[in-house]
Amino acid sequence: MKLPNGPQSPAVLQMLRWIISPMSFMETCAERYGDMFTIRLQSKSPPLIFVSNPEVLQQILTNDTKELEAPGDTNLVFESLLGKRSVITISGAEHQRQRQLLLPPFHGERMRSYSQIISDITEKVISQYQIGQPFNIRSAAQAITLRVIMQAVFGLDEGPRAEKLQHFLGEILEKGSSVLSVALLYFPALQRDFGPINFWGKQMRRQQDADKLIYEEIRERREQPDPSRTDILSLLMAAKDEAGQPMTDEELRDELMTLLVAGHETTATAIAWAFYWIHKIPSVRQKLLQELDSLGDNPDPSAIFKLPYLNAVCSETLRIYPVAMLTFPRVVRTPLSLGSYELEPDTVVIGSIYLTHRREDLYPEPKQFKPERFLERQFSPYEYLPFGGGARRCIGLAFAQLEMKLALAKILSSQVLELVDNGEVRPKRRGLVTGPDHPINMVVSSQRQVKSPILQTTTV
């Protein structure tokens, strides 16, 4: 079997580059070896083939569960945080079962019911910032997304349990975003305390404290069922699979943890990047405000969701610096032709979202922020894939898009914001995903009144 070319440096050096600067590592490899290359992160583990060719990505993602599969053992880096029964860490029929149980809360009428939660919480959070008071827009976005996901998932917005759980989750994610924490995930042998250095132990204790609160909530719901509740936990507890079996407490805990983590940190980062680009490029802000103003006061959330330029801005934000760098790994199950290579079973292939989104042939001047590209053409699910693809595509895709658009619309319509520093912000690794390499500080310069579309028409 001949694999695509790739760096020949020792596996441990490749692992260090991958942990410290994954994006520059991928870019260097793509420049030298093309849109399929092989890296080795551990000498005793199978090599990893990275792919950024849309045609090959289509072959990979449409062959999910057939020649290719995403087995749980390739996603073990998520297990310490999300658990062994998360939809991310399981595979095969078990993964399909959990996915089917999780899908209903994220579709149709249920999605519309989340709109008011998002709008109300966004208004509460942003109103805390005074005119002339600098603040970190990512911290503000995190406050919004965590409270939204807490209320949508648990039906909890206030109270001791909600406050404690928010505190523990915030600490777990913040402490887990460092390079050291990522190294511990990739080197399980280091997942223990070393005398006075007890980073891993502290993280596990925070996790146990959060777990205790989650299990307490599950137990109370089982003892005192309330059929009128419509939060995601209540829906999941009522859901049954094809065999008529409900989720166990462990499955519920792991899926709730997955929703809390995946639905909070990633969306907050995307919102922060959107504010950066909107205020970095005045013409983008101007076009976006004109479109938002055209809806008048108190627009319907569904009308906001369908705005073409707002959608283009959000799409370009997720293209230029995707929060998730990679698709989930797939393992070859039967001999497979992929591109110009014949792959044997147990070969691991990974789609590089980051590199695909920076292809010159798809996105001319890929390092430039240009929302118009999403108005000019439609991209296939293999050319543009910020939420992954195939059988592992993000379940919360529509929820994240709704939250991002409504939060942006709410804040931009009511506040005039400015960047404190107009310098360049670039992406860096933040835990297992990406984030800004330094804080994006903004300031409220004034309150904003939405102009009536009728008045706008008469003044033109």
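This report walks through the strands, nonpolar cores, cavity and pocket of a predicted model.

## About the model

Because this is a predicted model, local features need pLDDT of at least 70 and side-chain atom pairs count only at pLDDT 80 or more, while totals for chains, interfaces and linings use all residues. Residues are numbered from 1 along each chain as its sequence is written, and side-chain values use heavy atoms, with hydrogens and water left out.

## Strands and their partners

Let's start with strand β1, residues 36–39. Helices (H or I, at least four residues) and strands (E, at least two) are DSSP runs, numbered from the N terminus. Both faces of β1 are covered: Met-36 and Thr-38 on one side, and Phe-37 and Ile-39 on the other, are all buried. Here buried means under 20% relative accessible area, with exposed over 50% and partly exposed in between (1.4 Å probe, protein chains only). β1 pairs with strand β2 (residues 48–51) in the antiparallel sense over four bridges; two strands pair if DSSP finds at least two bridges between them. Within this pairing, Ile-39 has Leu-48 of β2 as its bridge partner.

Elsewhere there is an open sheet of three strands, in the order β4-β12-β9 and with antiparallel pairing. Its edge strands are β4 (135–136) and β9 (415–419), each of which pairs on one side only. β4 meets strand β12 (residues 441–447) over two bridges, in the antiparallel sense, and Asn-136 has Asn-441 of β12 as its bridge partner.

## Nonpolar cores

A nonpolar core is a set of buried Ala, Val, Leu, Ile, Met, Phe, Trp, Tyr and Cys residues joined through side-chain atoms within 4.5 Å. The largest one has 100 residues, and Phe-135, Phe-154, Phe-275 and Leu-408 touch the most other members. A second, separate core has 21 residues, including Met-23, Cys-29, Leu-41 and Ala-183.

Which residues does Phe-275 touch, not counting those up to four places away in sequence? They are Ile-137, Leu-408, Ile-411, Leu-412, Leu-417 and Met-442, where contact means heavy atoms within 4.5 Å.

On a 1 Å grid over the protein atoms alone, a cavity is a set of points where a 1.4 Å probe fits but cannot get out, and a pocket is an open set with protein on both sides within 12 Å along at least five of seven lines; lining residues have an atom within 4 Å of a point. Grid points are joined across faces, edges and corners, and a volume is the space filled by probe spheres set on the points. The structure holds one cavity of 30 Å³ or more, and about 60 Å³ of space lies in the largest cavity. Its lining includes Asn-311, Tyr-384 and Lys-405. α16 (308–320) and α19 (397–414) each supply at least two lining residues, and the largest share, four residues, comes from α16.

Ala-312 is also found in α16. Ala-312 counts as buried because its relative accessibility is 1%. Pro-371 is 59 residues from Ala-312 in sequence, yet the two are 4.9 Å apart in space, C-alpha to C-alpha. Leaving out residues up to four places away in sequence, Ala-312 touches Pro-371, Phe-374 and Leu-375.

## The second largest pocket

This pocket has a volume of about 600 Å³. Of its 24 lining residues, Glu-123, Asn-298, Lys-410, Ser-413 and Ser-414 lie nearest its centre. α6 (109–126), α15 (301–305) and α19 each supply at least two residues of the lining.
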